[in-house]
Amino acid sequence: MEYENDELVFLAEDDSAEKEDVLGIWNILIVDDDEEIHTVTRLALSDLNLNGKKLHFHHAYSGQQAIEVMQRLGSSLAVVLLDVVMETDDAGLVVAKHLRETLGLEEPRIILRTGQPGYAPEERVIIDYDINDYKTKTELTRNKLVTTIIASLRSYQQILTINQSRVGLEKIIHSSANLLEEHSIKGFCEGVVTQISSLLGLDSGGIVCARAGRVLDKEENEDSVYVLGAAGEFARYINERLDSLHDRRIIDSVDKCLKSKAHLFEDHYSVLYLNSSGYEAAVFVNLKDEINDIDKKLLEVFVSNISVGYENVNLFHELSIAAFRDWLTKLPNRNEFINMLDDTPCKDSSNRQNVVALLDINHFSDVNDGLGQDAGNNLLVSVADRIQEKFGESIRMGRIGADVFGIIGHDEVVNPDRINLLFAVPFRAGDHTLPINITMGFCKLGQDYCTGINLLKQTNIALNRAKKDLNTNFGYYEPEMEEKTTWRLGLIRKLRTDFSARKLQVWFQPQVDLVTEEIVGMEALLRWPSDDGQFISPDVFVPLAEYSGLIIDIGAWVLDESCKRLKDLVDQGFGEVRVAVNISMPQFRDPEFVNMVKQSVIKHKIDPAYLELEITESVVMDEPQIVIESLKELKAFGVTIAIDDFGTGFSSMSYLQQLPLDRLKVDRSFINEIRPNQSAFIAETIVTLGNKLGLQTIAEGIEKREQASYMLKLGCDAAQGYLFAKPMPFDDLLDFIKAYNP
């Protein structure tokens, strides 16, 4: 290696330097099997001083010696000047690999040197072993060597500083994780002070401050500054205004830091500025002496990292507020109201019965739709304010839903009469004065412990029951209400399970021509076998299926099964028999209903004229336009239409004329009116009306011969009932038809 025109400065080696504090020297390891290289390198660099620290040299003449020195020095080793070719062609690379992988040291910087350019390492080695530089010995003049060493030392210093701060960062990260579980800004801020003091080797003594409007539920000026967390002598001021400390040095320096948005480093104290996404704070730290540059850098790195954590705990704080506080009325929301119920005893301090009530504003959506959402919001705030103003501290209140408020208090206050009085006077909602009505549900807290969620559920059951009561606007919870609800939900769940398991059955009841008494049709009837071998009544489970929406899938299956059986009848030679299927209102609301009917007919290749859809008058009256349009499209497709239970649903002649009907079915209740030597006026009227409209008529529930004869005299076309046949499974029906119509 040549050092042309370089001035050499000879200094004596000081072996005792190795014992100095590692922060006072730079440890340099020269690894080379050539003694001259060691001497020349040491002489070239011996006068180098960086950041007030001198170089201290260590020497190794083989790879094994280098490894031993590395193990001894550890991360205090700053730079390794490493020869590639020594006892072996790759001895230097083996040393580099051992340093990085076996010893796990990432701080020391490696400068590879070689006198044999042909043994240059691959690019992959440079990357994998974090090699700072690679030079041939001939190109390393003194100036270039000094430049390389300085760059490597600076890199080492940066890495070492970051790694030294890692312990502090891990502490604050661990602290932050714990504090997030505690949901505590105060705890996080105390941790910041403690960790900074620990990093600097000080007694804990600091203060964390921030503008109140960002993180505290204060109604004061946004510029007010509060103590959020502290340690040592300042701990007693947590949650107090900063000026309550009566220490002008702290007050002024914190204010200056927040206004300048920058760190302040003074002789005996520092104020660190935290900021992330607008969440800012000032950390005041007492110091014994002036802070040095290294500690300043460490603190800046530390503060930069914990600023993100500070933002996170603030966001968590805001999320916590959002999770338990209603944004509009500032009342506890549903979650917090449940917590409040959990903490409420059945009796208050005066041994009075505690009650929970739910107040539902009737037709609140009309206010939003008619006057706008702002008016609706103003109304909700007005309601909340009046209840709180009139009842004061005798109640606790929350907003449970969009237009539902919850109240907890003793029964002398929380009762229908007292609450109704509050709503007797109209409410002010912006520019509007609105009279409103409410429906209320009440639940008395029992002696047995009941969770808040169950109390809310029980009160809601009472509220829903009150909504169905036309005589009053309130209801109290009774256990049988819940029992009935539980029974209904259990039955719906069982129905869904049995339907999925294909346990439901479709039976058929024959319909006969009253003149010839030949079988001309059949009605498809749904049957649900119970576990005890009996059958659950359709009057019980069909309304539940409609309520749950399951009727759409069940109805589609019944229709498809009926079309399949109709095809079976055709294949057996009974092609003149029609099948009637009942259709409910939820099916008409299904946008795929019409197409589903058509696809079933096409799929089973049947004549649509032999598929009859039965609807009740109540279905027509519910949403007539949807029903009429759907039936007209299906009628055009070829399907026949019948009105079931005609005369029981407050018939509208205008709708009757619009429907594309083929048949009227006389309800069994009118058939039961038939007595010897007496006329059944309504049955006669329906048959006459059917004849006038050109519609066929069919009588339901014919159980006696005189009923059949009477309806035949009236001109009724067909009948079904136990007189002719009961409902039966399809296989039994097929045998019945063969025997009945030989």
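I take buried to mean under 20% relative accessible area. I am working from a predicted model.

**Entry: Thr148**

I looked up Thr148 with that cut-off in hand. Its relative accessibility is 9%, so Thr148 counts as buried. I placed Thr148 in helix 5, which spans residues 142-182. Then I asked which residues Thr148 touches, not counting those up to four places away in sequence. I found Ile111, Asp133 and Leu140.

**Entry: the chain overall**

I stepped back to the protein chain. I noted 26 helices and 27 strands. The chain has 742 residues, and 49% of them count as buried. I also looked at contacts between residues at least 6 apart in sequence. Of these, 65% join residues at least 24 apart.

**Entry: nonpolar cores**

In soluble globular proteins, nonpolar side chains tend to be buried together. I went looking for the cores here. The largest nonpolar core has 79 residues. Which of its residues touch the most other members? I wrote down Ile554, Phe588, Phe593, Leu611, Leu613 and Met711. Helix 17 gives this core its largest share, seven residues.

I returned to Leu613 and listed its contacts, leaving aside neighbours within four places in sequence. Leu613 is in contact with Leu559, Val581, Ile583, Phe593 and Leu634, among others. The list also includes Val639, Thr640, Ile641 and Ala642.

**Entry: helix 17 and helix 26**

Two packed helices are described by the angle between their axes and the distance between the axes. I noted the crossing of helix 17 and helix 26 as right-handed.

Which residues make the contact? From helix 17, I noted Arg565, Asp568 and Leu569. From helix 26, I noted Phe730, Leu734 and Ile737. By class, this contact of helix 17 with helix 26 has four nonpolar residues, two charged and no polar ones.

**Entry: Gly573**

I followed the chain out of helix 17. Gly573 is found in the loop between helix 17 and strand 22 (578-582). Is Gly573 buried or exposed? Its relative accessible area is 59%, so Gly573 is exposed. I then checked Gly573 against Lys738, which is 165 residues away along the chain. Their C-alpha atoms are separated by 9.8 Å.

**Entry: helix 24 and helix 25**

I took helix 24 (residues 681-693) and helix 25 (residues 705-714) as another pair. The axes come within 10 Å and cross at roughly 40°. That angle makes helix 24 oblique to helix 25. Helix 24 passes helix 25 in a right-handed crossing.

On the helix 24 side I listed Ala683, Glu684, Val687 and Asn691. In helix 25 they meet Tyr710, Met711 and Leu714. The contact of helix 24 with helix 25 has five nonpolar residues, one polar and one charged. I had already met Met711 in the largest nonpolar core.

**Entry: positive phi**

Most residues other than glycine have a negative phi. I looked for exceptions. His246 has a positive phi of about 55° although it is not a glycine. I found His246 in the loop between strand 8 (225-231) and helix 8 (248-260). With a relative accessible area of 72%, His246 is exposed.

Glu517 is not a glycine and has a positive phi of about 55°. The loop that holds Glu517 runs between strand 19 (505-513) and strand 20 (519-529). I put Glu517 down as partly exposed, with a relative accessible area of 25%.

**Entry: Lys632**

How is Lys632 classed by accessibility? At 46%, Lys632 counts as partly exposed. Not counting residues up to four places away in sequence, Lys632 touches Gln658 and Pro660. I also checked Leu661, which is 29 residues from Lys632 along the chain. The C-alpha atoms of Lys632 and Leu661 are separated by 9.3 Å.

Key
Residues numbered from 1 in each chain as written. Predicted model: local features only at pLDDT ≥ 70, side-chain atom pairs only at ≥ 80, totals over all residues. Heavy atoms only, no water. Left-handed = near helix turned anticlockwise from the far one by under 90°. Helix = DSSP H or I, 4+ residues; strand = E, 2+ residues; numbered from the N terminus. Contact = heavy atoms within 4.5 Å. Nonpolar A, V, L, I, M, F, W, Y, C, P; charged D, E, K, R; others polar. Buried < 20%, exposed > 50% of the residue type's maximum accessible area, 1.4 Å probe, protein only. Core = buried A, V, L, I, M, F, W, Y, C linked by side-chain atoms within 4.5 Å. Axes fitted to C-alpha atoms, helices over the stretch in contact; angles between N-to-C directions. Parallel < 35°, antiparallel > 145°, perpendicular 65-115°, else oblique.
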